[in-house]
Amino acid sequence: MDIYLVRHGEAAASWGQATDPGLSELGHSQAQDTAKELVAMVDPAVQLISSPLLRAQETALPLSEALGLPAAIIDTAYAEIPSPVAMEQRQEWLREFMKQQWEGQAETLQNWRSQMLEKLLGLQQQSVIFTHFLVMNTVVGALQGRIETLCFWPDNASVVKLRHTGDVLE
């Protein structure tokens, strides 16, 4: 069974400027383009799941409309990485976090990572999950056995395809 992780389109504000911005005009266009590509790749009864953040939900909307499906199911397991600092310090914290390794990270971050991976393994049908940069990095890094918190740089509205074999993710 295939699982698609989709990074949200370009946000109207940066991570350090707003807690939950929607998409920019470019982000809406990116979401439309990604939906057009995904329509040809997924089963018409695919399960759509979204982070609770507005930019992810808005990225999911064109695909749900194209397939005639209800809005994406909201799941906090695929939300942005929890930041332990105030908004005005988030970008600096994020820059430092992305230079680190998973070993030694705070329990809240380890739990965020574990919960996300468990949710993915628990999926029972083809799914498209609208999510975030570090969610995609965390999943891909874990599947590749990487210790770094940052292992690639997915573009806005980009797609990562995973294969769920029943016991493992590839």
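Which residue's side chain does the side chain of Gln-47 meet in a polar contact of 2.9 Å? That partner is Ser-127, where a polar contact is a pair of N or O atoms within 3.5 Å; within protein, one must be able to donate a hydrogen and the other to accept it, and residues adjacent in sequence count only if both atoms are side-chain atoms.

## About the model

This is a predicted model, with local features needing pLDDT of at least 70 and side-chain atom pairs counting only at pLDDT 80 or more, while totals for chains, interfaces and linings use all residues. Residues are numbered from 1 along each chain as its sequence is written, and side-chain values use heavy atoms, with hydrogens and water left out.

## Around Gln-47

Gln-47 sits in strand S2, residues 47-50 (strands are DSSP runs of E, at least two residues, numbered from the N terminus). Leaving out neighbours within four places in sequence, Gln-47 has contacts (heavy atoms within 4.5 Å) with Ile-73, Leu-123, Gln-125, Gln-126, Ser-127 and Val-128. As for Ala-71, 24 residues away along the chain, its C-alpha lies 10.0 Å from that of Gln-47.

Now for S1, residues 2-7: 6 of its 6 residues are buried, meaning under 20% relative accessible area (1.4 Å probe, protein chains only). Asp-2, Tyr-4 and Val-6 point one way, with Ile-3, Leu-5 and Arg-7 pointing the other.

S1 pairs with S4 (residues 127-131) in the parallel sense over 5 bridges, and 5 bridges also join S1 to S5 (residues 159-163), running antiparallel. Pairing takes at least two DSSP bridges between the strands. Leu-5 stands opposite Ile-129 in S4 and opposite Val-160 in S5.

Key:
Helix = DSSP H or I, 4+ residues; strand = E, 2+ residues; numbered from the N terminus. Buried < 20%, exposed > 50% of the residue type's maximum accessible area, 1.4 Å probe, protein only.
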